[in-house]
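Me: I would like to go through this model with you and ask how its descriptions are reached. Could you take me through the terms as we go?

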Amino acid sequence: VGERKYLIGGNWKSNGTYDENAERIKVFNGLGPIPDNVEVVLCVPYLHIPLCLTSLRDDIEVGGQDCGSNVKDGAYTGEIGAHMLKDIGCTWVIVGHSERREGFGMAGEPEGLCAEKCKVALDKGLKVMFAIGEKKEERESGVTMEVCAKQLEPLAKLLKPEEWANVAIAYEPVWAIGTGLTATPEMAQATHADIRKWMKDNVSEDVAKAIRIQYGGSMKGANAEELLKQPDIDGGLIGGASLKDDFFNVINGVP
Ligand code: PEP
């Protein structure tokens, strides 16, 4: 991986009562050390962010799972702005998760909005895990990279090259999220290499070399090591397994 530090993100999604998540924090606090070459961030439900900030071990950062596109306070009922996440003490936010792009049966978030949210979050001083990825039928019809490029293009238009320093790309094939199906290490590596090449051709060679590309999609202790040893896989974004102590097997799966 060269100088790229591994980035392991956990995504608790909409899971857990206050007490259940307090218990998860207790479990994580009692687990072993985090290797020096790994950065770990846990993205938890908004309501439990203060709990994590005050009681989760210091070597795990805390992030949001989404943010609004609003740049400041105002009449945006229900939105949590990036400036609010930053103010409370978060350092990261996930933007463009496929569940939000799809919209759980409601209107989803188009590519342009995801790019806009990412830009606002960066402007407010957060780091962003920008999630992209193709659906099953898109992979089957051979358009995986076209789909990823379409999701990255609006962001490449909005960001100055130096702003990419605070972005990680989370490549998450939609068909692998929460399904138990994982891309094979070879399949994931091939797409990560394509994404890095796209970054080289469309942003810059330096950004392409430096940017961390995480894999997401049913990653767990049992498959993390094989995925993380691929040259272009610089970490993971982990849903289901981040709710359990298996999250630490993923962290310890880094080479
Ligand atoms: C995710 O939510 O980003 C994810 C990859 O979920 P899971 O690990 O459960 O597939």
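**Ligand, barrel and helix packing**

Reply: Gladly! The shell around the ligand divides into 5 nonpolar, 7 polar and 1 charged residues. Please keep in mind that this is a predicted model, in which local features need pLDDT of at least 70, side-chain atom pairs count only at pLDDT 80 or more, and totals for chains, interfaces and linings use all residues. Residues are numbered from 1 along each chain as its sequence is written.

Me: What makes a residue polar, nonpolar or charged here?

Reply: Ala, Val, Leu, Ile, Met, Phe, Trp, Tyr, Cys and Pro count as nonpolar, Asp, Glu, Lys and Arg as charged, and the others, Gly among them, as polar.

Me: Which residues are the closest to the ligand?

Reply: They are Ile177, Gly178, Gly216, Gly239 and Gly240, and 13 residues surround the ligand. To be near, a residue must have its C-beta atom, placed from the backbone, within 6 Å of the molecule.

Me: How do you know that strand 3 and strand 4 pair?

Reply: Pairing requires that DSSP finds at least two bridges between two strands. Strand 3 (residues 61-64) and strand 4 (residues 92-95) have 2 bridges, in the parallel sense, so they pair by that definition. Gly63 has Trp92 of strand 4 as its bridge partner. Strands are DSSP runs of E with at least two residues, and helices are runs of H or I with at least four, numbered from the N terminus.

Me: In what order do the strands close into a barrel?

Reply: The order is 1-2-3-4-5-6-7-8, with parallel pairing of the 8 strands.

Me: Why is helix 7 called oblique to helix 8?

Reply: Helix 7 (residues 144-158) and helix 8 (residues 185-202) pack at about 40 degrees, with axes 11 Å apart. Angles under 35 degrees count as roughly parallel, over 145 as roughly antiparallel, 65 to 115 as roughly perpendicular and the rest as oblique. Helix 7 is therefore oblique to helix 8. The axes are lines fitted to C-alpha atoms over the stretch in contact, and angles run from 0 to 180 degrees between N-to-C directions.

Me: What makes helix 5 and helix 7 oblique to each other?

Reply: The axes of helix 5 (residues 111-123) and helix 7 cross at roughly 45 degrees and come within 8 Å. This pair is therefore oblique too. Among the residues making the contact are Glu111 and Lys119 of helix 5 and Lys150 of helix 7; contact means C-beta atoms, placed from the backbone, within 7 Å. By class, this contact has 5 nonpolar, 2 polar and 3 charged residues.

Technical notes
Contact = placed C-beta atoms within 7 Å.
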